[in-house]
Amino acid sequence: MERAHHFLQATALSVPAVAASVGIPDQAFNKACRRSFGASPHGIRATQPISLHSPAPPQP
């Protein structure tokens, strides 16, 4: 479930793709997230906005 949490926060994978990547049927994934983290997959994703752009490199 920690891997799923990471995927939800750090990638733009769809929720069904995240569920499949951790081997949980899509229908059971919502319940597993609520049990493990107290939030739905969409709720977990909402707590950490996904940036589709790379951060600017540090200036010297």
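**View 1. Packing of the buried side of helix H1.** Helix H1 (2-10) packs through its buried residues against H2, helix H3 (26-37) and helix H4 (41-46), where buried denotes under 20% relative accessible area and exposed over 50% (1.4 Å probe, protein chains only). Helices are DSSP runs (H or I, at least four residues), numbered from the N terminus. The structure is a predicted model, in which local features need pLDDT of at least 70, side-chain atom pairs count only at pLDDT 80 or more, and totals for chains, interfaces and linings use all residues. Residues are numbered from 1 along each chain as its sequence is written, and side-chain values use heavy atoms, with hydrogens and water left out.

View 2. Ala4, Phe7 and Leu8 are the buried residues shown in H1. They lie on the same side of H1 because they cover an arc of only 100° around the axis, taken from the directions from the helix axis to the C-beta atoms. Exposed Glu2 and Arg3 are carried on the face turned away from that buried side.

**View 3. The largest nonpolar core.** This core has 11 residues in all, including Phe7, Val18, Phe29 and Ile44. H1, H2 and H3 each give two or more residues to the core. A nonpolar core is a set of buried Ala, Val, Leu, Ile, Met, Phe, Trp, Tyr and Cys residues joined through side-chain atoms within 4.5 Å.

**View 4. Side-chain polar atoms of Thr11.** Thr11 sits in the loop between H1 and helix H2 (15-21). A polar atom of its side chain lies 2.6 Å from the backbone oxygen of Phe7, and one lies 3.3 Å from the backbone nitrogen of Leu13.

Technical notes
Polar contact = N/O pair within 3.5 Å; in protein donor to acceptor, adjacent residues only side chain to side chain. Contact = heavy atoms within 4.5 Å.
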